[in-house]
Amino acid sequence: MKATLLSATTLLGLAFAGSAVAQGVDFASLDADMNGEISFEELQAALPNIVEEDFSVLDVDGSGGLSEDEFATLVTPPSGGADTTTSPQ
Ligand SMILES: [Ca+2]
Ligand SMILES: [Ca+2]
């Protein structure tokens, strides 16, 4: 099964979220209950502007939480990388 394609709108949202994540939020700190996945509520605690639509796109396997791999999608720009507005620290 192919993963849901990211819409342009979603990409804009993720770019915003990604910049917030880049400000020092990591997987371990987001996973408040340490169950190995980041729930929508856990993600929303760090990214108040994230919407369930974005979350469901990130949750590729539909488990209801983001694994580390799925979370990596949030912090790593999708293929292409033409938009390099985030400068390396
Ligand atoms: Ca969790
Ligand atoms: Ca998942």
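Colleague: What makes the 11 residues L30, I38, L43, L47, I50, F55, V57, L58, L66, F71 and L74 the largest nonpolar core?

Modeller: A nonpolar core is a set of buried Ala, Val, Leu, Ile, Met, Phe, Trp, Tyr and Cys residues joined through C-beta atoms within 7 Å. The largest such set here has 11 residues, among them L30 and L74. This is a predicted model, where local features need pLDDT of at least 70, side-chain atom pairs count only at pLDDT 80 or more, and totals for chains, interfaces and linings use all residues. Residues are numbered from 1 along each chain as its sequence is written.

Colleague: Which elements give two or more residues to this core?

Modeller: Those are α4 (52–58) and α5 (68–75), and α4 brings the largest share, three residues. Helices (H or I, at least four residues) and strands (E, at least two) are DSSP runs, numbered from the N terminus.

Colleague: Why does G64 count as exposed?

Modeller: A residue is buried if 20 or more other C-beta atoms lie within 10 Å of its own, exposed if 12 or fewer, and partly exposed in between, with C-beta atoms placed from the backbone. G64 has 11 C-beta neighbours inside 10 Å, so G64 is exposed. You will find G64 in the loop between α4 and β2 (65–66).

Colleague: Leaving aside neighbours within four places in sequence, what is G64 in contact with?

Modeller: G64 is then in contact with S39 and D59; two residues are in contact if their C-beta atoms, placed from the backbone, lie within 7 Å.

Conventions: Chains lettered and ligands numbered in written order.
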